[in-house]
Structure formats: C-alpha cells, structure tokens
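Please report on the pockets, the cavity and the helix packing in this model.

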Amino acid sequence: MQQDPGVPMPYPQYGYPQPNVPTHPDPSMYMAGPQAGVYNPSTQAPMSPNYYPQQGMPFMPMGGSNEQNNFSMPTQFLQNPVMANMAMQYGQSLMGQGKEALDRELNKYVSTSRIKYYFSVDTAYVAKKLALLVFPFTHRDWSVKYNPDEPVQPRYELNAPDLYIPAMAFVTYLLIGGVSLGIQERFSPEGLGIQASTALIWALLEVLVIWVTLYVMNIQTKLTSFDILAFSSYKYVGMIVAVVASFIMPSAYHLALIYVSAATMFFLIRSLKVQILPESARDAYGENNASFSGEGSKRRTYLLLFMGGLQPLMMWWLTRQLARP
C-alpha cells in the first residue's frame with residue numbers, strides 16, 4: 001500500500017518525522033557534485049548534506065550544541081528545589097565544620113572568650129571613654145572593679161581596658177593619614193600601605209618591649225598582653241586629634257600634639273598605677289615579696305614612667321609626616 005506523500009513517516013534510526021518529500025521529485029532540484037542527494041522540500045532548493053544527521057553520528061537537538069546543553073545542566077540542577085536544598089544544607093554543614101576547626105586551633109593559642117571580653121562595649125561606654133582619653137585631668141576614681149572569677153566587662157566599668165576603641169582608632173588614623181597625604185598631593189596606595197605596616201610594627205614592638213621588661217625586672221602584675229596592647233594603643237585617639245587640628249590650622253599641630261601627649265601620658269600613668277602599684281597586690285603576692293620591697297617598688301615606678309614617657313615620642317614619630325606643613 002502506497003503511503004500518502006502528505007503524511008510524514010518516522011526515521012527508524014532517529015525517531016523523528018521524515019520531511020514531506022514528493023514521491024517523484026524533479027531531478028533538476030538536486031545538485032550535482034559532493035552535495036548531491038539532499039532535498040529541501042520547503043524552499044524547493046538543494047541543501048547541505050549536514051541538514052540531516054549522518055548514520056553513526058550523535059543526535060544534536062536544534063536548540064544548540066552539546067557544549068551549550070552541558071552549560072545549562074547546572075542551572076537545571078539548581079532549579080530543582082530538592083537538589084538546591086540539599087546543596088545548601090551541605091554547604092552550611094561544611095561552613096560549620098570549618099568554623100569549629102578554626103575555633104579549636106585558635107583556642108590552642110588564644111582564648112576567644114577572652115578576646116570577646118575586650119570588645120564587650122556599648123555606645124555610652126565609647127562616648128565616656130573617648131571623653132576620658134581627651135580630658136583625663138578631672139577624673140578621680142581610677143580603680144577597676146573585679147568579680148571573684150574575672151574582671152567586669154568594659155561596658156560596665158569605665159576604667160577597664162578594651163580593644164574596640166584602639167582598633168577603631170587605628171583604622172581611623174590610617175584613613176586620616178590618607179586624607180592628609182591627599183591634601184598634600186603625596187598620596188599613593190603604596191605610601192598608605194607603608195604607613196599601616198609601620199604603625200602595626202611599632203605597636204607590636206612596643207608591647208613586646210614592655211612585656212620583656214616586666215619579665216626581666218621580675219615584676220608581678222595582673223596585666224596581660226591584651227591589657228598592655230589596649231593601654232598602649234589609646235594614643236591613636238590623641239594622634240587623630242593632632243592631625244585633624246593641622247587640617248584646621250597647620251600651626252596648631254604642635255600645640256595639639258603637646259596637649260594630647262600630656263593627656264595620654266597622664267591617663268596611662270594613672271590607669272597603670274592601679275595595675276602595677278596596687279595596694280591590694282601585697283595580699284595577693286605576699287608582704288615580703290621582693291617586687292614590693294624598696295628596690296621592687298622603684299623598678300615598678302621606673303617601668304610606669306617608661307611606659308608613660310614612651311607615648312609622646314611614639315605619637316610624634318607616627319604623625320610627623322601626616323601633619324600639614
């Protein structure tokens with residue numbers, strides 16, 4: 001039985017309809033040569049042999065090549081709600097495991113709970129502490145309240161050391177330094193990087209020198225390395241004030257530097273006096289402890305004066321190139 005020419009027949013090899021080709025087409029519709037044998041029923045014109053897939057070649061949909069379809073597979077995978085939820089849960093699990101591993105490694109060297117104590121501040125504490133750093137001469141009570149287990153958090157005690165203000169002051173000092181160099185037309189990314197690395201190295205070196213001095217002079221104190229870092233980094237607040245004063249009036253830099261240096265030195269000596277020369281420490285370490293004898297008391301006094309006198313020198317050294325001439 002002859003098939004109606006208007007009804008398409010499927011290709012048995014590929015499973016898609018056969019084009020509507022007349023039973024006896026005009027031989028003139030075919031091309032001679034290597035492209036002969038292919039018929040275009042829609043345009044009644046010869047076509048390339050690649051129009052239909054050759055036997056043995058992979059089938060490629062008309063929508064694009066295999067590479068384009070491979071690129072669309074991840075998108076289709078993520079559009080599946082079940083697979084997307086599984087991927088999200090797996091990623092959260094990996095993040096949680098990484099955080100736990102990082103916390104374990106950090107706790108071997110530094111207690112994260114101890115670091116959180118130094119950043120436990122609020123807006124009222126920051127405002128009062130900044131005012132105390134700039135105007136410390138009227139402050140009367142410099143004692144630090146202690147709990148039986150650990151010191152109170154800084155937000156509950158104005159005289160307690162914190163690392164929030166030093167960290168923010170250090171970043172602000174770098175930004176103000178960049179503005180100052182820009183006003184002087186001396187700004188460059190390399191110069192700002194040198195400024196940041198220099199200030200960081202001097203800060204760490206200052207803490208190291210003080211810590212080694214405490215050890216060599218055999219001075220027992222409750223100060224930790226973070227306490228020393230906090231107290232020695234409060235000077236960045238005064239440095240910012242001095243540099244900003246030079247923006248308003250270049251000649252005001254030296255006057256502002258003298259005042260903030262005196263204020264920082266006064267604040268540091270009065271704050272550390274409670275830590276280095278506490279009256280209650282005699283009960284903790286013993287009345288006959290050598291560090292509380294005549295020579296020990298002198299060593300503590302010398303250390304206190306050394307730490308206080310070091311601040312003006314460091315403040316001048318780190319701001320001398322930032323002030324407007």
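## The second largest pocket

In this predicted model, 15 residues line the second largest pocket. Nearest its centre lie I194, Q195, T198, Q321 and L322. The space in this pocket comes to about 300 Å³.

Helix 6 supplies the largest share, with five residues. By class, the lining of the second largest pocket holds seven nonpolar, six polar and two charged residues.

## The cavity

How many cavities of 30 Å³ or more does a search of the whole structure find? The search finds one. The volume of the largest cavity is about 40 Å³.

The largest cavity is lined by L133, V134, Y234, V237, G238, V241, V260, A263 and T264. Helix 4, helix 8 (235–248) and helix 9 each give two or more residues to this lining. Seven of the lining residues are nonpolar and two are polar.

## Helix 4 against helix 9

Helix 4 covers residues 123–134, and helix 9 covers residues 252–276. The two helices pack at an angle of about 110 degrees, and their axes are 8 Å apart. Helix 4 is therefore roughly perpendicular to helix 9, since angles of 65 to 115 degrees count as roughly perpendicular.

Which residues make the contact between helix 4 and helix 9? From helix 4 come K129, L132, L133 and V134. They meet Y259, A263 and F267 in helix 9. The contact has six nonpolar residues and one charged residue, with no polar ones.

This contact and the cavity share some residues. L133 and V134 of helix 4 meet helix 9, and L133 and V134 also line the largest cavity. A263 of helix 9 takes part in the contact and is among the cavity-lining residues too.

## Annotated transmembrane regions

An unreviewed UniProt entry places the feature "transmembrane region" at residues 163–183, 195–216, 228–249 and 301–319. Two of these stretches can be set against the model.

Over residues 163–183, the chain is 95% helix and 0% strand. The end C-alpha atoms of that stretch are 30 Å apart. Over residues 195–216, the chain is 100% helix and 0% strand. Here the end C-alpha atoms are 31 Å apart.

Methods: Residues are numbered from 1 along each chain as its sequence is written. This is a predicted model: local features need pLDDT of at least 70, side-chain atom pairs count only at pLDDT 80 or more; totals for chains, interfaces and linings use all residues. Side-chain values use heavy atoms; hydrogens and water are left out. Axes are lines fitted to C-alpha atoms, for helices over the stretch in contact, and angles run from 0 to 180 degrees between N-to-C directions. Helices (H or I, at least four residues) and strands (E, at least two) are DSSP runs, numbered from the N terminus. Angles under 35 degrees count as roughly parallel, over 145 as roughly antiparallel, 65 to 115 as roughly perpendicular and the rest as oblique. Contact means heavy atoms within 4.5 Å. Ala, Val, Leu, Ile, Met, Phe, Trp, Tyr, Cys and Pro count as nonpolar, Asp, Glu, Lys and Arg as charged, and the others, Gly among them, as polar. On a 1 Å grid over the protein atoms alone, a cavity is a set of points where a 1.4 Å probe fits but cannot get out, and a pocket is an open set with protein on both sides within 12 Å along at least five of seven lines; lining residues have an atom within 4 Å of a point. Grid points are joined across faces, edges and corners, and a volume is the space filled by probe spheres set on the points. UniProt positions are given in the numbering used here, feature names are shortened, and annotations may be inferred rather than shown by experiment.
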